[in-house]
Amino acid sequence: MKRLYFAAGIFFVALGAIGAVLPIFPTVPFLLVAVFCFARSNPAWEQKILDHPTWGPQIRDWRERRAINRRAKIMAVGAMATGAVVTWYTLGEPWIWVSVGVLVIAGSWIVTRSE
């Protein structure tokens, strides 16, 4: 089972790395899952992510207080809004409504988390 958790952790770190470079793809949610997997398979790797200067504080905030800092909220909602605009220009209707739905549901959830 440890190998499965470790493989999943690697996979989610890879997705998080992709999210670090693509503006519309998230990073921290994937790293949260990776930390969960590494906690069950390789605590040293879990600690490496928690100690990371950029992502570590956000992950620790979520683990300890279920909090998202204001800058991260603005970035997340902004990225989703950008995605909706890009969808509108490239795909039009009915796909824009999928993006708007994601923005409203996920954005509302993000904005209502503590800081």
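**Reading helix H5**

Modeller: Of the 115 residues of the protein chain, 30% count as buried. Keep in mind that this is a predicted model.

Colleague: How many helices and strands does the protein chain have?

Modeller: The protein chain has six helices and zero strands. Its C-alpha trace spans about 45 × 30 × 20 Å along the principal axes.

Colleague: Take H5. What span is expected for this helix, and what does it reach?

Modeller: The rule is 1.5 Å a residue. H5 covers residues 70–90, 21 residues in total. From first C-alpha to last it reaches 30 Å, close to the 30 Å expected.

Colleague: Which residues of H5 are buried?

Modeller: Buried means under 20% relative accessible area. In H5 that picks out Ala 72, Lys 73, Ala 79, Met 80, Gly 83, Ala 84 and Thr 87. They cover an arc of only 140° around the axis, so they sit on the same side of H5.

Colleague: Which residues are exposed on the other side of H5?

Modeller: Exposed means over 50%. Arg 70, Arg 71, Ile 74, Trp 88 and Tyr 89 are exposed there.

Colleague: What covers the buried residues of H5?

Modeller: The cover includes helix H4 (56–65) and helix H6 (95–111).

Colleague: Now the ends. Which atoms come together at the start of H5?

Modeller: Look for a side chain that reaches a backbone nitrogen. Here a side-chain oxygen of Asn 69 comes to within 3.2 Å of the backbone nitrogen of Arg 71.

Colleague: And which residue with positive phi follows H5?

Modeller: Gly 92 follows H5, with a positive phi near 70°.

Methods
Residues numbered from 1 in each chain as written. Predicted model: local features only at pLDDT ≥ 70, side-chain atom pairs only at ≥ 80, totals over all residues. Heavy atoms only, no water. Helix = DSSP H or I, 4+ residues; strand = E, 2+ residues; numbered from the N terminus. Expected span 1.5 Å × (residues − 1). Buried < 20%, exposed > 50% of the residue type's maximum accessible area, 1.4 Å probe, protein only. Arc of directions from axis to C-beta. Contact = heavy atoms within 4.5 Å. Polar contact = N/O pair within 3.5 Å; in protein donor to acceptor, adjacent residues only side chain to side chain.
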